[in-house]
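Hi everyone, thanks for making time today.

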Amino acid sequence: MQYRRSPKIDADLSVLGFGCMRFPRTLAATDMTKTEALFREAIEGGVNYFDTAYVYPGSESATGEILAKDGLRERVYLATKLPRQLCKSHDDLDRIFSKQLERLKTGYIDFYLIHNLPSLFYWQRLVDLGIEEWIAEKKQSGQVRWIGFSFHGAQNDFIELLDVYDWDFCQIQYNYLDENYQAGRVGLKAAYAKGVPVIIMEPLRGGKLATGLPKEAAQILEQADPQASLASWAFKWLYDQPEPSVVLSGMNAPEQLRDNLAVAGQAAVGMLGSEQKGVLEKAIELIKATYRVPCTGCNYCMPCPHGVSIPSCFSAYNARTTQGLIVGMSQYVTSTAANRPGQYSGAANCQACGVCLEKCPQQIEIIEQLKEVKKHMEPFWFKLALKVLGAISK
């Protein structure tokens, strides 16, 4: 494992971090046996940064239970997040934080983030609640070691947020397809110039850079290096740059973890040669020509009050454009329950209420895109088929 250190933080952080949003699951619950095995193997492999959040269903509790065993908590840096949307009063800050300590079975948080802080407007709301004094108290008491924020918003807003407070670190979405999206490379370099460590999320764009590439793009990468996984290209692209401190990966299988550990063990600035960069650039051109919706499957838009499975709709729509009509339609039918009585959750359910729009960290025009999904994924015969199958009643 390779480690990186920032002037602002007295800690050697593993370049690979464990993202705790997508644990292995058994039906609707976290598979604790599999998750614990992954945690232990990751820690033995040198991973020392674990990232969870208050709003990740069951994640904090599962993380806390596992890390509390055999002193694992003291071997890692633990990151979690304050859900700013749920903070309506100063009392909410303490109430939520206390609950997080309880769930995580710990007396302190190493890296504490304000979750999804998109602009100065929302920062000022927290300031009005006394967030600055609250942070100072928590740091003085030792309950919070370092304070930061995760970001989904416009690049200019990110630059402004960097300057409004003396942040210890920040977290942004960044990968080879999102180089100029949200904070982007400009934001990454701005944070680095200020000495603010940057934690990278969505390095695989919700897994799509590992398993959802167009065939032509995948073939280019596989031919260039038959031994390298598609995911490894995305991680190498990030490690090749000096600015990222930690790259988070939501690993839920041993094979994913081991592949990521192998790449992280070789992580170094300049690890991609000019020939490899040229190959990746060709693949990127092919990928960008096929994706219709830049959805990462984060599920922040869910639940939809009208029962639309928004990420599933977009995933199937993108699959149609990258892998063909049969694959796309098959995914759409199964993922929207169009083949199960009374459970249809496809694009036609959208009532354009707009609840999802303010939740989307990618700032996708969800309503308009769902209209496109309906147009291309639900031809004239589709509704009739839903009635025959009993998925809808009218």
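This is a predicted model: local features need pLDDT of at least 70, side-chain atom pairs count only at pLDDT 80 or more; totals for chains, interfaces and linings use all residues.

Let's begin with the helices. Helix H1 covers residues 32-44, helix H2 covers residues 59-67, and the two pack with their axes 10 Å apart. The angle between H1 and H2 is about 60°, which means that H1 lies oblique to H2. As for handedness, H1 and H2 cross in the right-handed sense.

Which residues in H1 and H2 meet? From H1 we have Met 32, Thr 35, Glu 36, Phe 39 and Ile 43. On the H2 side, their partners are Ala 62, Thr 63, Glu 65, Ile 66 and Leu 67. Sorted by class, this contact of H1 with H2 holds six nonpolar residues, along with two polar and two charged ones.

Now over to strand E3, residues 16-19. Are its residues Leu 16, Gly 17, Phe 18 and Gly 19 buried or exposed? All of them are buried: Leu 16 and Phe 18 on one side of E3, Gly 17 and Gly 19 on the other, with both faces of the strand covered.

And who sits alongside E3? One partner is strand E12, residues 244-249, paired with E3 in the parallel sense through three bridges. There, Leu 16 is opposite Val 247 of E12. Strand E6, residues 49-51, also runs parallel to E3, joined by two bridges. In that pairing, Phe 18 faces Phe 50 of E6.

That's my tour, so over to you for questions!

Notes
Residues are numbered from 1 along each chain as its sequence is written. Side-chain values use heavy atoms; hydrogens and water are left out. Axes are lines fitted to C-alpha atoms, for helices over the stretch in contact, and angles run from 0 to 180 degrees between N-to-C directions. Helices (H or I, at least four residues) and strands (E, at least two) are DSSP runs, numbered from the N terminus. Angles under 35 degrees count as roughly parallel, over 145 as roughly antiparallel, 65 to 115 as roughly perpendicular and the rest as oblique. A crossing is left-handed if the near helix is turned anticlockwise from the far one by less than a right angle, and right-handed if clockwise. Contact means heavy atoms within 4.5 Å. Ala, Val, Leu, Ile, Met, Phe, Trp, Tyr, Cys and Pro count as nonpolar, Asp, Glu, Lys and Arg as charged, and the others, Gly among them, as polar. Buried means under 20% relative accessible area, exposed over 50%, partly exposed in between (1.4 Å probe, protein chains only). Two strands pair if DSSP finds at least two bridges between them.
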